[in-house]
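Welcome, and thanks for taking a look at this one with me.

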Amino acid sequence: MNEAPTMRCERCGAYLPFDPRDFSVNCPACHAETKVGAEARRNAEQYRSTVQDEKRRADLALSLARSYQQGPGVGLHAGVVEPRVSAPCSSCGGQVSFGQDDLSTRCPFCGATVSAPARARAALVESAEATALQAESKSARAQRDLVRKSFPHEGRTNTLLWAAMIGAGAVIAVLGAVDLATSDAGDVATGATLIGIGGAALLGTLVTWSIVSAPRRAIERGLGALSPIVRGRLSNRGLAPVLDWLDANWVGDNPGIVGFSNPGRGCWVLSGSWRDAPVLIAITDTWFEKRLDLLVTRRRASADERARSVLAGSGFTVTAGALGVHAWRKSSDLAILGGDGARVLLDALIAS
Ligand SMILES: [Zn+2]
Ligand SMILES: [Zn+2]
């Protein structure tokens with residue numbers, strides 16, 4: 001951020017606006033000619049490129065905000081308002097208002113050409129970026145609501161399926177028992193067959209369930225061991241706890257864990273805090289997807305390259321936004337969080 005270089009008329013002392021390509025400027029007040037030195041031209045050139053960079057950032061942020069506003073199916077109606085800031089005129093002290101496109105303007109009180117001071121320009125960029133973040137967050141929330149609506153019974157499917165299979169086995173066995181009790185002594189074949197089929201179904205379901213649930217129990221044990229570290233709570237209700245956590249803690253675009261694939265009971269979520277920042281650890285383990293997600297919300301952006309390389313070295317892909325970091329890897333193996341692993345990775349996450 002640098003300030004607009006100023007020049008005064010050699011004869012009357014009026015402030016002179018000048019272009020970095022000019023070698024001399026005519027005073028608009030007294031028409032005297034003032035030479036522009038090489039250093040002044042260099043400063044002006046540097047100032048111009050600084051302002052262009054700032055304007056590019058602000059324009060990009062506002063066009064991003066507009067694209068979110070027009071995004072598919074997100075139902076945003078609030079218009080994106082272009083930011084304006086005001087700063088005192090360098091010549092008379094009156095308040096001059098600056099918008100995105102007039103980084104230098106005429107003072108309405110004294111008519112002098114006033115350049116927006118660095119602080120006002122920074123405020124314009126900041127406000128444009130805040131507008132973009134707000135639009136982004138709003139669109140992200142709308143997407144989460146859509147995901148919620150798509151899976152109203154998420155997490156119950158597996159349990160219902162197991163219950164149905166056990167129930168069917170039991171019903172067949174009971175029918176067999178009833179048949180056995182009510183038929184003649186000589187005719188036990190039907191009852192015995194039904195009891196056999198029902199019993200086999202019941203036994204098969206229980207054996208399969210214990211085999212299938214062994215890795216589930218391992219994940220629950222592993223995450224349970226981590227919960228005192230982050231003083232967290234473990235839940236196993238599909239994506240719902242992730243969406244709730246994002247609603248409460250996340251600013252900006254949705255992290256990649258939010259999708260229209262339904263992990264159901266194959267998703268375990270531990271939410272808590274690390275160094276006073278809200279943190280979420282999610283394990284997804286289904287036949288089509290295995291992943292480990294780490295999310296943290298923080299108050300300000302930081303970008304520690306060393307911290308990022310710690311995560312990258314452990315196979316994580318890191319996406320850092322202004323107010324939160326998301327890291328994930330394509331494996332549901334919890335061993336990486338064992339020992340000091342969780343502490344090291346969470347520290348790296350916060351610093352990324
Ligand atoms: Zn003059
Ligand atoms: Zn003025």
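**Notes for a first look**

1. Let's start with confidence. This is a predicted model, and the mean pLDDT of the protein is 86, with 95% of its residues at 70 or more. Please take care with residues 72-77, where the pLDDT is below 50. In the model, that stretch has 10 contacts beyond near neighbours in sequence.

2. Next, the overall outline. The C-alpha trace spans about 130 × 45 × 30 Å along its principal axes. The radius of gyration is 33 Å, whereas a compact globule of 352 residues would have one near 20 Å. Buried residues make up 26% of the 352 residues.

3. Of the contacts with a separation of 6 or more, 62% join residues 24 or more positions apart.

4. Which residues have the most contacts inside the largest nonpolar core? They are Leu223, Val242, Val279, Ile281, Ala282, Leu345 and Leu349, in a core of 39 residues. Elements giving two or more residues to this core include helix H4 (189-226), helix H5 (240-249), strand S9 (277-285) and helix H7 (341-351).

5. Leaving aside residues up to four places away in sequence, Leu223 touches Leu234, Trp268, Leu270, Ile281, Ile283 and Leu334.

Key:
Residues numbered from 1 in each chain as written. Chains lettered and ligands numbered in written order. Predicted model: local features only at pLDDT ≥ 70, side-chain atom pairs only at ≥ 80, totals over all residues. pLDDT = per-residue confidence, 0-100. Contact = placed C-beta atoms within 7 Å. Rg over C-alpha atoms; globule rule 2.2 N^0.38 Å. Buried ≥ 20, exposed ≤ 12 C-beta atoms within 10 Å, placed from the backbone. Core = buried A, V, L, I, M, F, W, Y, C linked by C-beta atoms within 7 Å. Helix = DSSP H or I, 4+ residues; strand = E, 2+ residues; numbered from the N terminus.
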